[in-house]
Every structure is written in structure tokens, then in C-alpha cells.
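Please open the model in your viewer and keep the sequence beside it, so that each stop on this tour can be selected in turn.

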Amino acid sequence: MAVRKRKISRSNTRHRRGEWQATTPRLRPVTVDGSAYSVPRRVAAAYERALPRPEDSGS
């Protein structure tokens, strides 16, 4: 396990954490059963295959 050699000040720690920002997912339009949806690009293929939904099971 990595162990730092000296203490990092609270100011530096918070400044470092504040630099990181999440990015919004790139959305892609997909049409499923005649309805248009904007979904993240990485899951668009699954939506295009029209995975079965729980309400469609009919049980």
C-alpha cells in the first residue's frame, strides 16, 4: 500500500478534489417500438435490440 512521506494540507487536498469533474454522457437518439428516446451511446445497441421489459412479460 502506498504511504505518503509527508502530510498534505487540507487546502491542497480540497483543491485537488475540486479539479475533478464528471462529464455528461453523450446521448444518441434511438427509436424503440415507434417511441424516440435519448440514451447514452454505450447502451444504445441494447435499446436497438429491444431487450424484453418486465411489463411485456405478461405473467
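What share of the 59 residues in the chain is buried? Select the whole chain to begin, and bear in mind that this is a predicted model, in which buried residues make up 8% of the 59. The accessible surface of the chain comes to about 6,100 Å², and carbon and sulfur atoms account for 50% of that area.

Next, colour the chain by secondary structure, which brings out two helices and two strands, arranged along the sequence in the pattern α-β-β-α.

Now colour by confidence instead: the average pLDDT of the chain is 78, and 78% of the residues reach at least 70. Confidence is highest in strand 2, residues 35–40, with a mean of 87, while helix 1 has the lowest value in the chain, a mean of 75.

With that caution in mind, move to helix 1, which spans residues 10–19, and select Arg10 within it. Arg10 counts as exposed because its relative accessible area is 61%, where the cut-off for exposed is over 50%.

For the last stop, select Arg42 along with Arg26: the two are separated by 16 residues in sequence, and their C-alpha atoms lie 8.8 Å apart in space.

Methods. Residues are numbered from 1 along each chain as its sequence is written. This is a predicted model: local features need pLDDT of at least 70, side-chain atom pairs count only at pLDDT 80 or more; totals for chains, interfaces and linings use all residues. Side-chain values use heavy atoms; hydrogens and water are left out. Helices (H or I, at least four residues) and strands (E, at least two) are DSSP runs, numbered from the N terminus. Buried means under 20% relative accessible area, exposed over 50%, partly exposed in between (1.4 Å probe, protein chains only). pLDDT is the predictor's confidence in each residue, from 0 to 100. Accessible areas come from the Shrake-Rupley method with a 1.4 Å probe; for residues, only the protein chains shown count as cover.
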